[in-house]
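Please read these notes with the structure open beside you. They go through the chain point by point, from overall form to single residues.

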Amino acid sequence: SYGEIVERLEKLTGPDRRLDLEIARVLCPDVLVMRQRADDSGADPYTYWEYTGSIDAAVALVEEKLPGWQFDVSSTHAEFLRPGEHRYSADLAGPVTYYRDEETGCDDLAFPSYSARGASAPLAILSCLFRALTVNENG
């Protein structure tokens with residue numbers, strides 16, 4: 001599930017090729033290929049996309065799965081972090097919806113937004129993406 005992937009992403013301290021493969025299986029199976037084992041005993045699923053290690057790959061995934069959404073990535077100076085807190089953070093904001101607040105009679109706007117932290121910028125971006133997908137998956 002998407003929630004399980006978020007948990008795994010938040011525990012990582014760096015890139016993880018096994019999780020890259022799982023992300024590809026879940027979100028974009030068309031990037032999977034079969035790769036021959038070194039001992040010629042068969043082949044295993046493989047992806048050349050390094051989602052957990054590449055900002056470009058993580059951003060491309062956000063743009064593919066949540067087109068039109070805006071995102072922001074930032075880092076916090078190490079001296080301002082609490083013990084155990086990840087340095088990088090990511091924010092995603094979805095499309096704006098305008099509505100009339102019936103209580104006040106005023107026009108207002110709303111948009112879905114998600115935040116996450118990670119040990120690296122790609123991990124923060126992916127955590128944020130999967131948080132958004134988890135909510136959309138669960139309705």
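1. A residue is called buried when its relative accessible area is under 20%, exposed when that area is over 50%, and partly exposed in between. Cys128 has a relative accessible area of 1%, so Cys128 is buried. The model discussed here is a predicted one.

2. Overall make-up. The chain has 4 helices and 7 strands. Read from the N terminus, the order of these elements is α-α-β-β-α-β-β-β-β-β-α. The chain is more spread out than a compact globule, because its radius of gyration is 18 Å, well over the 14 Å that the globule rule gives for 139 residues. Along the principal axes, the C-alpha trace spans about 70 × 40 × 25 Å.

3. Of the 139 residues in the chain, 34% are buried. The chain exposes about 8,600 Å², and carbon and sulfur atoms supply 49% of that area. As for contacts between residues at least 6 apart in sequence, 54% join residues at least 24 apart.

4. Helix H2. This helix covers residues 17-27, and its buried residues are Leu19, Asp20, Leu21, Ile23, Ala24 and Leu27. Which residue caps the N-terminal end of H2? Asp16 does, with a side-chain oxygen 2.8 Å from the backbone nitrogen of Arg18.

5. Thr47 and strand S2. Thr47 belongs to strand S2, which runs over residues 43-47. Its relative accessibility is 2%, so Thr47 counts as buried. With neighbours within four places in sequence left aside, Thr47 is in contact with Arg17, Asp20, Leu21, Ala24, Val31 and Leu32. Two of these names, Asp20 and Leu21, were listed above as buried residues of H2. The side chain of Thr47 also reaches the backbone nitrogen of Trp49, at 3.2 Å.

6. Asp40. This residue sits in the loop between strand S1 (32-36) and S2. Is Asp40 buried or exposed? Asp40 is exposed, because its relative accessible area is 59%, and the cut-off for exposed is over 50%. The phi of Asp40 is near 60°, a positive value in a residue other than glycine. Most residues other than glycine have a negative phi.

7. Helix H3. At the start of H3, a side-chain oxygen of Ser54 comes to within 3.3 Å of the backbone nitrogen of Asp56. The helix itself covers residues 55-65, and Ala57, Ala58, Val59, Leu61 and Val62 are buried in it.

8. Ser75 and Thr76. Ser75 is part of strand S3, while Thr76 is in the loop between strand S3 (70-75) and strand S4 (88-93). Ser75 is partly exposed because its relative accessible area is 41%. Thr76 has a relative accessible area of 23%, so Thr76 is partly exposed too. How far apart in space are Ser75 and Tyr88, C-alpha to C-alpha? The distance is 4.4 Å, although 13 residues separate Ser75 and Tyr88 in sequence. Not counting residues up to four places away in sequence, Ser75 touches Arg87 and Tyr88. Thr76 and Ile5 are 71 residues apart along the chain, and their C-alpha atoms are separated by 24 Å.

9. Helix H4. Cys128 and Thr134 are both found in this helix, which covers residues 121-138. Cys128 was given above as buried. Its contacts, neighbours within four places in sequence aside, are Ala90, Asp91, Leu92, Tyr114, Ser115 and Ala116. Cys128 lies 22 Å from Thr47, C-alpha to C-alpha, and the two are 81 residues apart in sequence. Thr134 has 17% relative accessibility, so Thr134 counts as buried, the cut-off being under 20%. With neighbours within four places in sequence again left aside, Thr134 is in contact with Tyr2, Gly3 and Val6.

Terms used. Residues numbered from 1 in each chain as written. Predicted model: local features only at pLDDT ≥ 70, side-chain atom pairs only at ≥ 80, totals over all residues. Heavy atoms only, no water. Helix = DSSP H or I, 4+ residues; strand = E, 2+ residues; numbered from the N terminus. Buried < 20%, exposed > 50% of the residue type's maximum accessible area, 1.4 Å probe, protein only. Contact = heavy atoms within 4.5 Å. Polar contact = N/O pair within 3.5 Å; in protein donor to acceptor, adjacent residues only side chain to side chain. Rg over C-alpha atoms; globule rule 2.2 N^0.38 Å. Areas by Shrake-Rupley, 256 points an atom, 1.4 Å probe, with all protein chains shown as cover.
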